[in-house]
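Please read them beside the coordinates.

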Amino acid sequence: MIEKRHTFMNIHREKRLSKFPLRLASIGYVPDNFHEPYKNLRDEIICGFIIRSRGDMVMCMDDGSRQAIEPPAGMLSDAGHRGWLETSRPWDELFFSYPPEAREALKALGLDLGQLHGRLIPVRDPDYFERKVAEIVELCRQFHLEGVLDRLDLAAFDLMTVMFMPAENSPLHAMPHPAVRRVATFIRKNFPDRIDLAGLLRENGVSARTFHREWNKVFEISPLAYLIELRIGFARELLRSTRYNLKEIAGQCGFGGVVDLCRHFRKRCGATPTAYRKQFHPTCARFPQKN
């Protein structure tokens with residue numbers, strides 16, 4: 001049962017303990033909402049859910065398009081657009097946001113805003129949805145405790161993944177073997193850290209042969225290549241959106257050092273990290289170093 005108490009927090013600059021790349025900028029839970037929808041231009045990526053209402057839900061976009069669906073349902077709206085949800089009042093709403101520079105990390109983790117922006121998605125598993133919303137709301141109540149914001153970042157991402165990632169774009173969910181799926185999901189969520197694959201397989205009771213057989217059914221690259229792709233995606237985001245130097249970026253992304261970062265980055269992106277950064281920040285050489 002979800003406690004009906006209004007909650008809103010700006011948390012992007014709050015300290016985290018983990019290196020998970022998708023950090024929430026804000027999050028809110030509004031039960032029994034009677035307010036008019038917010039229709040201004042968004043400067044953040046918005047993920048919104050109507051949990052329940054007295055009527056059908058309608059989503060309106062700035063291009064004039066409208067969709068209607070019965071709640072519960074959700075939507076993703078990219079920064080730089082107008083998009084809002086309308087339904088019979090009152091309604092219960094959960095929403096959270098990410099800064100615009102999170103697009104790269106979202107895409108690296110399987111959520112492409114180019115495909116998902118402006119789509120109204122019905123809840124496919126109501127029991128899971130209600131449990132996850134209740135978990136998120138309870139974590140919001142405990143946000144002042146150490147480590148809770150990290151759990152909140154992960155819970156929000158889990159909800160988005162289940163809601164918005166189509167089966168054909170979700171290789172992890174396509175894995176029929178539950179233990180193998182748990183290992184693969186752990187890699188995706190913890191890619192900035194040192195990954196001990198052999199240890200993960202032992203903990204989950206999976207042989208290396210079974211894991212690689214199941215992995216190859218849904219992936220065209222090896223687990224190591226997948227891990228590096230996730231790290232490179234995060235490195236690109238940091239190069240575009242922060243002033244971290246290459247040593248700091250290598251550490252944040254899980255690379256062994258600057259040489260390791262540059263080698264993998266050039267191989268996959270066709271340019272050095274510094275050259276890539278200059279495409280977005282021509283004066284990056286004059287960036288003050290982060291202390």
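The numbered points below go from the chain as a whole to single residues.

1. The structure is a predicted model, and its confidence should be read before anything else. The chain averages a pLDDT of 80, with 82% of the residues scoring at least 70. Among the elements, the lowest mean pLDDT, 55, belongs to helix H5 (residues 171-174), whereas helix H11 (residues 258-269) has the highest, 93. Over residues 285-291 the pLDDT stays under 50, and the model has nine contacts beyond four places in sequence for these residues.

2. As for overall architecture, the secondary structure of the chain comes to twelve helices and nine strands. Of the 291 residues in the chain, 49% are buried. Among contacts with a separation of 6 or more, 72% are made by residues 24 or more positions apart.

3. Which residues have the most contacts inside the largest nonpolar core? That core has 73 residues, and the ones in question are Phe96, Leu152, Leu159, Met160 and Phe164. The largest share of the core, ten residues, comes from helix H4. As general background, nonpolar side chains in soluble globular proteins tend to be buried together.

4. Phe164 deserves a paragraph of its own. Leaving aside residues up to four places away in sequence, Phe164 touches Cys47, Phe49, Gly74, Met75, Leu76, Leu111, Leu116 and Ile121. Phe49 and Phe164 are themselves both buried.

5. Turning to the aromatic rings, the count comes to nine aromatic pairs. One of them is the pair of Phe49 and Phe164, which is stacked, at 5.8 Å centre to centre and with 25° between the planes. Because Phe49 lies in strand S3 and Phe164 in helix H4, this pair ties together parts that are 115 residues apart in sequence. Both residues also belong to one aromatic cluster, formed by Phe49, Phe96, Tyr98, Phe129 and Phe164.

6. Another aromatic pair, that of Phe265 and Tyr276, is edge-to-face, with 5.4 Å centre to centre and 70° between the planes. This pair links distant parts of the chain, since Phe265 is in helix H11 and Tyr276 in helix H12 (residues 273-280), eleven residues apart. Phe265 counts as buried because its relative accessibility is 0%, and Tyr276 is likewise buried, with a relative accessible area of 8%.

7. Helix H3 (residues 126-141) is a further element to examine. Its 16 residues reach 23 Å from the first C-alpha to the last, close to the 22 Å expected at 1.5 Å a residue. Where in H3 are the buried residues? They are Tyr128, Phe129, Lys132, Val133, Ile136, Val137, Leu139, Cys140 and Arg141. An α-helix has 3.6 residues a turn, so residues three or four places apart point the same way. What covers the buried residues of H3 includes strand S1 (7-10), strand S2 (26-33), strand S3 (45-52), strand S8 (91-98) and helix H4 (148-164).

8. A last remark concerns the cysteines. The structure holds zero disulfides. Cys140, one of the buried residues of H3, has a relative accessibility of 5% and therefore counts as buried.

Technical notes:
Residues numbered from 1 in each chain as written. Heavy atoms only, no water. Helix = DSSP H or I, 4+ residues; strand = E, 2+ residues; numbered from the N terminus. Expected span 1.5 Å × (residues − 1). Buried < 20%, exposed > 50% of the residue type's maximum accessible area, 1.4 Å probe, protein only. Contact = heavy atoms within 4.5 Å. Core = buried A, V, L, I, M, F, W, Y, C linked by side-chain atoms within 4.5 Å. pLDDT = per-residue confidence, 0-100. Phe/Tyr/Trp six-rings, centres within 6.5 Å; stacked < 30°, edge-to-face > 60°. Disulfide = S-S within 2.5 Å.
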